[in-house]
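Me: Hi! I'm new to this one and would like a quick tour. Could you look at it with me?

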Amino acid sequence: MSRILIVEDEEIIRSAVRKLLQHAGYEVADAGSVEEAEDNHDPSDFDLIISDLRLPGAAGTELIRRAPDTPVLIMTSYASLRSAVDSMKMGAVEYIAKPFDHDEMLEAVEGILARKPQTSPSAQPLSERADAGAPDSDPASIMFGHCDAMQKVFTLIRKVAPTETTVLIQGESGTGKELAARALHLMSPRAARPLISVNCAAIPESLIESELFGHEKGSFTGAVSARTGLIEAADGGSLFLDEIGELPAEAQARLLRVLQEGEIRKVGSTQSRQVDVRMIAATHRNLKAMTRTGGFREDLFYRLNVMQVRIPPLRERQSDILGLAQRFLQRQGEKMSKPGLNLTPEAMRALERHRWPGNVRELENAIERATILCDSDLITPSLLDLDGEGGDVNIPETLVDGNNEQAPSREAEATSDLSLEDYFQHFVLENQDRMSETELAQKLGISRKSLWERRQRLGIPRKKSSGN
């Protein structure tokens, strides 16, 4: 069992992280400061240290020096994200920005421990992993998939990972794009160097350039000192840009220069410097369609799309659904002290029939919900509660069967075999310039509220010029 030390001065956060990791099967100790950690424990005895950056007394980065053989994960708020970059320079293996969700923390911990030699198989917590015995750096040890589609993904990752090729990972939300990025990094010659992960949708647009490229002192209001950017922090390693479709136009132009010339220039600086970074990008949006509407630079798209890895949605992985469900059920059963849980035959059929618009993440949530509500050792369809999900998008028959007053367009015919989410994205992008939000909702057979919610979930911004 891996031992983890949490160093955090805020009791609420410390307690929440401790309980989360204990439920995931780790042995956890905690302290409120670096000094308290050293007084009560030997930091070198732990497999991982998770520390807040700003603590009373010594900073969290001091643990990097005091426990040089133990990986340190730094927690920080976005307000001090630039300091986290400096901590990476000092030797932190990774950072995680507050507020973070449980899955994000567990994935970060599992990824760090996967890079550290384990003393026994029990040190690895359950996740989307294949059978024991696969090497930690193989994609099959990080992601689960026995179907042909996932085996093709694993084969492609194994081939492209050792190269310096830029990779674009495409897939719907919840399919595991970040796990694929981690596998690409861990199988590359850069595995010993940092993997810097950036969620482009989570950083305010006004800060994105400063966060990525750094800034000079006085370059804008509040820039009281020069700071290193995330791209520079990834020098020698890999940079994972998640939700790259959310990058504003100016940041896209700067990123293109990084890909073309291998150099960056800080905000407010006249000097450029060379960087050696392997770029991995991911998106659930249709970047090609965005280039046609001006939402994404075409030249940047082609620079990123050197090698494309498509993570299939769960509905295309029919043979993997029950295998994933069993792994999640075992994991949740251990976390909640409910060992021996099983799916009824009816529950298995319900899982296989469901379309899974939220993909693997939705499946994991359904299993977790059922485990909480289960009063026996059997999971039934009613506990999974799948009937009420994902039913608010309806493609009217008039749009695909040609039963309205107009003949079906070629575009409608070409998209009749798309998934619901693909169809929604295609239809909105193609028609939002000439239709109001009300007209779009009526044509799609949904409410304006549902239209807005799906825009948010799929990352399709409203056109300012569209009527309401």
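Me: Let's start with E364: is it buried or exposed?
Reply: E364 is buried, with a relative accessible area of 12%. Buried means under 20% relative accessible area, exposed means over 50%, and partly exposed is in between (1.4 Å probe, protein chains only). Do keep in mind that this is a predicted model, where local features need pLDDT of at least 70, side-chain atom pairs count only at pLDDT 80 or more, and totals for chains, interfaces and linings use all residues. Residues are numbered from 1 along each chain as its sequence is written, and side-chain values use heavy atoms, with hydrogens and water left out.

Me: Thanks! Where is E364 found?
Reply: E364 is in helix 16, which covers residues 359-373. Helices (H or I, at least four residues) and strands (E, at least two) are DSSP runs, numbered from the N terminus.

Me: And what does E364 touch?
Reply: Leaving out residues up to four places away in sequence, E364 touches D103, F328, R331 and Q332. Contact here means heavy atoms within 4.5 Å.

Me: How do helix 14 and helix 16 pack?
Reply: Their axes are 9 Å apart, at an angle of about 45°. That makes helix 14 oblique to helix 16. Axes are lines fitted to C-alpha atoms, for helices over the stretch in contact, and angles run from 0 to 180 degrees between N-to-C directions. Under 35 degrees counts as roughly parallel, over 145 as roughly antiparallel, 65 to 115 as roughly perpendicular, and the rest as oblique.

Me: Which residues make that contact?
Reply: From helix 14 there are I321, L324, A325, F328, L329, R331, Q332 and G333, and helix 16 brings V360, L363, E364, I367, E368 and T371. The residues in this contact of helix 14 with helix 16 divide into eight nonpolar, three polar and three charged. For those classes, Ala, Val, Leu, Ile, Met, Phe, Trp, Tyr, Cys and Pro count as nonpolar, Asp, Glu, Lys and Arg as charged, and the others, Gly among them, as polar.

Me: What about helix 14 and helix 15, at what angle do they pack?
Reply: Helix 14 (residues 321-335) and helix 15 (residues 345-353) pack at about 120°, with 9 Å between their axes. Helix 14 is therefore oblique to helix 15. In this contact, I321, L322, A325 and Q326 of helix 14 meet M348, L351 and E352 of helix 15. Sorted by class, the residues where helix 14 meets helix 15 are five nonpolar, one polar and one charged.

Me: New topic! How many salt bridges are there?
Reply: A search of the whole structure finds 22 salt bridges. A salt bridge is a side-chain nitrogen of Lys or Arg within 4 Å of a carboxyl oxygen of Asp or Glu.

Me: What does R66 pair with?
Reply: R66 forms a salt bridge with E38, and their closest N and O atoms are 2.6 Å apart. R66 lies in helix 3 (residues 62-66) and E38 in helix 2 (residues 34-40), so the pair ties together parts that are 28 residues apart in sequence. R66 is partly exposed at 27% relative accessible area, and E38 is partly exposed too, at 34%.

Me: Which side chain does R190 meet?
Reply: R190 meets D276 in a salt bridge, 2.6 Å from N to O. The two sit in distant parts of the chain, 86 residues apart: R190 is in the loop between helix 8 (177-186) and strand 7 (195-199), while D276 is in the loop between strand 10 (272-274) and strand 11 (278-283). R190 is buried at 6% relative accessible area, whereas D276 is partly exposed at 42%.

Me: Which residues are linked in a network of salt bridges?
Reply: That network links E11, R14, R18 and D30.

Me: One more residue: is F154 buried or exposed?
Reply: F154 counts as buried, at 1% relative accessibility. It lies in helix 7 (residues 148-160). Neighbours within four places in sequence aside, F154 is in contact with P139, A140, M143, F144 and G145.

Me: And the whole protein, how many helices and strands?
Reply: The secondary structure comes to 22 helices and 14 strands. Of the 468 residues, 52% count as buried.
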